[in-house]
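Please open the model in a viewer and keep the selection tool at hand.

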Amino acid sequence: MNKVSVIGSGNVGATTVNYLAEKKTADLVLVDIIEGMPIGKSLDFVQSGPIRRYDVEIVGSNDFASIRDSDVVVVTAGLPRKPGMTREDLLIKNASIIERVSEEVATYAPNCVMIIVTNPLDVMCYVALKVSGFALKKVVGMAGILDSTRFCYFIAEELGVHPLDVTALVLGGHGDQMVPLPRYTVVSGIPITELLSEETIESLVERTRKGGAEIVNLLKTGSAFYAPAASVSEMVEAVIRDTKRILPCSAYLRGEYGLEDVFVGVPAKLGKDGVESVIELSLSKKEREALEASALTVRKNIEIWEAARRSAKAGVKG
Ligand SMILES: NC(=O)c1ccc[n+]([C@@H]2O[C@H](COP(=O)([O-])OP(=O)(O)OC[C@H]3O[C@@H](n4cnc5c(N)ncnc54)[C@H](O)[C@@H]3O)[C@@H](O)[C@H]2O)c1
């Protein structure tokens, strides 16, 4: 049986375990720093097993050693947004959590594929890659599937069609500068540009960009987790079952789309080794500029993290 560990057993982490257990994807481990909490949740899960008809092993722990030899490690550890906060507000605090978690993952599961969820997503992927020392394809971030499913839902609602018939593509960083691509978004093969006016598409694009904040404001505490966890599960399945699905994910770029040394949302082929390839689409000038602007914001945030890390190291030495 394959082994999937989920670090951070809060809303997104525990819901991911729920979905993966129901699909019998792998044996599962929940880890959190809150004493006892992941153990309590794992007991709750195994007690649901006979009713929900799953019998995968589910273990909770406060000890990172329990992730030993995992095939996939999902990282959801960190703080979620509060109303009025941007994902970037979380940067420094969550980066220090991801640094610590990445060291533990590199120690106990050096051959795993790491799927990062913690925000600000694209920067946290970069932190995990640099701190773990993993191969470039072994670190990948979840955002594009979530942003795309939100866009699909809004389009289906607007057209009064079944959401399953809508396939959408959203690229770019997971932030207000994400880049939904109407040209590559279809309803049963028909581009939405044939079905909706430019103004309507623009308003749906805008609602997708703010889709996370809309939920944060309604929840008052915490952020969305059912659709995020469903999106993570899709990626875990692709890796564990080596399906080679093409999914929009945050991947490390080495010149693709003219972008270097940055994680950003692009269509990627996912298999047992992680990101097996990045698919380069032909983009219009406007789309390319939007992707570049989004990547530039991610790069600036990477530089903020690198500066904070340098001064923390200098402080330790001093
Ligand atoms: N990429 C996306 O599209 C997306 C979507 C939703 C949420 N998120 C992000 O995912 C993260 C988790 O969201 P959530 O709603 O599950 O939050 P949550 O507060 O419910 O859960 C986070 C958990 O992480 C744990 N944790 C903190 N530090 C840890 C450490 N060092 N080791 C292990 N566990 C640790 C906390 O104790 C908590 O239980 C947030 O940063 C959120 O912004 C990203």
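Select strand 10 (residues 186-187) and strand 11: two bridges join these antiparallel strands. Strands here are DSSP runs of E of at least two residues, and helices are runs of H or I of at least four, numbered from the N terminus; two strands pair if DSSP finds at least two bridges between them. Within this pair, Val186 faces Pro191 of strand 11. The model is predicted, with local features needing pLDDT of at least 70 and side-chain atom pairs pLDDT 80 or more, whereas totals for chains, interfaces and linings use all residues. Residues are numbered from 1 along each chain as its sequence is written, and side-chain values use heavy atoms, without hydrogens or water.

Now select Thr76, Ala77, Gly78, Leu79 and Pro80, which lie nearest the centre of the largest pocket among its 40 lining residues. A pocket is an open set of points on a 1 Å grid over the protein atoms alone, where a 1.4 Å probe fits, with protein on both sides within 12 Å along at least five of seven lines; lining residues have an atom within 4 Å of a point. Helix 3 gives the most to this lining, with four residues.

Finally, which residues lie closest to the centre of the second largest pocket? They are Ile145, Ser148, Cys152, Thr167 and Arg245, from a lining of 22 residues. Helix 5 supplies the largest share of that lining, five residues.
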